[in-house]
Amino acid sequence: MKLKDLNDLIIFDAFPLTYDPKQKIILTHLLHLEEQTLPQKLCTIYTTRNLAEKFKKYCEITNYKGLFSDNFCYLEPYNFTDIVIEKRHTLQMFTCESQDADHNLMILIRENGKLKYIYAGNFLDTRTALLNDDFAKWISQGVEKLYVNLKHAPDDQLYKSVQKLPLLAQCLKEIDTIVKYHEGRTFAIYLKLFGYENFIDKLCNRFLKRVVLLSNLSKFIDYSEKGADDLLAKLDVGRIFVTDGVISEEKAKMNFEKHGNISINISADVAYCLPIALNEDNYFYKLCYSPEPDIYDLQLLVCLCKPKRIYGIVDRFNMKSKPPKHLIEYCKGIAKVDTKVHQQQQSNAKPEKPALPVVLGPITYNQNQQGAQGGPFLDDCESDEDDSGNINNCFNGFRNTGQEKLFYTSFFYLTSFIRYGTAGGDE
C-alpha cells in the first residue's frame with residue numbers, strides 16, 4: 001500500500017519488485033507474507049525487532065538471498081523516529097505495537113508538526129495505545145487521513161448495530177463445540193503460517209496442555225509444549241495439532257479412516273466456510289477467522305482518532321477502498337440542537353436512571369460544518385458519491401493529556417463492557 005501524497009517513497013506491507021534505494025518499506029504485520037513474491041534485492045525496511053526476527057527466519061527457511069544485515073531500521077514501540085524522504089523533507093513517525101502475540105503495528109506520521117496520516121493496518125490492541133500519553137496527545141487534534149483495513153466492514157445494507165461475537169471468539173467457540181462433540185478423538189487444525197499468532201495463543205490457553213504446534217509454526221511461535229518429544233512421538237488421543245497449510249477433503253477423509261483424526265481448516269474467506277454440522281461421521285470442518293479488524297475495532301478507532309478522511313487499505317489481498325456510510329456516520333459528532341427547545345424538553349422529561357455508567361467530559365461542538373465535498377475516498381474515480389463530506393471531529397475540547405487519557409480509557413472500557421460483557425473484551 002502506498003500513500004498517495006508521498007508518491008512511491010513509502011510503501012506499507014508490500015515488496016516492490018524493482019529496487020529503488022530511495023524507497024522505504026514499513027512492515028506493520030506479516031499476514032500473507034508467504035503469499036508474496038520477494039524481489040532480488042530489498043530496500044530499507046522499517047519495523048520492530050519482533051517482526052524483523054520472524055522475517056529473517058522466514059528468509060532463512062525459504063533460502064531467500066536478497067536480505068542483508070543493513071536492510072533493517074528498527075522502530076522502538078511507543079517512540080518517535082524521523083524518516084528523511086527527500087532533501088529537506090522529513091517525517092516524524094510514532095509507532096504503536098500490539099501487546100498481543102502477533103505484535104502488529106499502527107503507524108502515526110506527523111508532517112510539519114501536524115498529524116497527517118495514521119496507518120492502522122491489522123492493529124487491534126487499541127487498549128494499549130490508549131494508555132500511552134504520547135498517543136493520546138497526538139490524536140487529540142484529529143488526523144487528516146486514516147488508513148484502515150475495511151475487509152470485514154459490512155456494506156450498508158448488511159450492517160446491524162448489534163453485532164455478532166468477534167471473529168476470534170466465534171471461531172474458538174465453534175472449535176470448542178467440535179472438540180466436545182468428538183470427545184476422545186485427535187484434532188488437526190490447519191491455518192496460515194503468519195498472522196494467526198494471537199489465535200494460537202488463545203487456543204493454547206483454552207485447551208491447556210492439549211495443543212501441539214507442528215511444521216514451520218513451531219519455529220516461529222514460542223510455545224512451551226511445541227517441542228515435547230513425548231507429544232510428537234505419536235498421535236495421542238485428545239490432542240489438538242496445529243500446522244500451517246490447507247488440507248483437502250480427500251486427505252482429511254484418509255486421515256479419519258486411518259487414524260480417526262478430525263480435520264479443521266481455518267480460512268479468512270467467508271464464502272469458503274461451512275456451517276457446523278455435528279455428527280459422528282463428519283471428519284472435516286471449515287471455519288472462518290481472519291486476524292484483521294472487525295467493525296467494532298474500526299468504529300472505536302475512527303471515533304478516537306477523529307479523521308477528516310477515511311481510506312481503505314488497497315493491496316492484492318484487499319480491494320475494498322470505499323468506507324461504508326455507517327462507519328462515516330459513526331463519528332460525525334453530536335448534532336447541534338436548538339438550546340431553548342432542548343432545555344424545555346429536559347424540564348418536562350422525568351429523570352431516569354442510566355442503564356450503564358456514563359462518562360462525562362467537556363465536550364464542545366464542532367462549529368465548522370463546511371468540509372471538503374470529495375468524500376473520504378481514495379480519489380474521485382473510486383467514489384460514486386460527491387456529497388459525503390468530511391467526518392466532523394467528535395469528542396473535541398480535550399486539550400489536557402491526562403484528561404484525554406481518562407476519557408479515552410473510560411470510553412474504551414465502557415464500549416468493551418457493552419460488547420463483551422467484560423471490561424477489555426478478553427476471552
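Analyst: Let's start with the open sheet: four strands in the order β1-β2-β3-β4, paired in parallel. Two strands count as paired if DSSP finds at least two bridges between them, and the strands (E, at least two residues) and helices (H or I, at least four) are DSSP runs numbered from the N terminus. The edges are held by β1 (10–12) and β4, each with a single partner strand, so one side of each has no neighbour in the sheet. On average, neighbouring strands here are turned by 25° against each other, direction ignored; axes are lines fitted to C-alpha atoms, for helices over the stretch in contact, and angles between N-to-C directions run from 0 to 180 degrees.

A word on the ground rules: this is a predicted model, so local features need pLDDT of at least 70 and side-chain atom pairs count only at pLDDT 80 or more, while totals for chains, interfaces and linings use all residues. Residues are numbered from 1 along each chain as its sequence is written, and side-chain values use heavy atoms, with hydrogens and water left out.

Back to the sheet. Strand β2 (residues 24–26) runs parallel to β3, and three bridges join them. I25 sits opposite I45 in β3. The loop between β2 and β3 holds H32, whose phi is near 75°, a positive value in a residue other than glycine. H32 is buried, at 8% relative accessible area; buried means under 20%, exposed over 50%, and partly exposed in between (1.4 Å probe, protein chains only).

Now for the helix. α1 lies across β3 and β4, running at about 155° to β4. The buried residues of α1 are L51, A52, K54, F55, Y58 and C59. Seen down the axis of α1, they fall within an arc of 165°, so they line one face of the helix; that arc is taken from the directions from the helix axis to the C-beta atoms. These buried residues pack against β3 (44–47) and β4 (72–74), and also against β7 (105–111), α5 (197–206) and α6 (217–220), with contact meaning heavy atoms within 4.5 Å. After α1 comes N63, with a positive phi near 60°.
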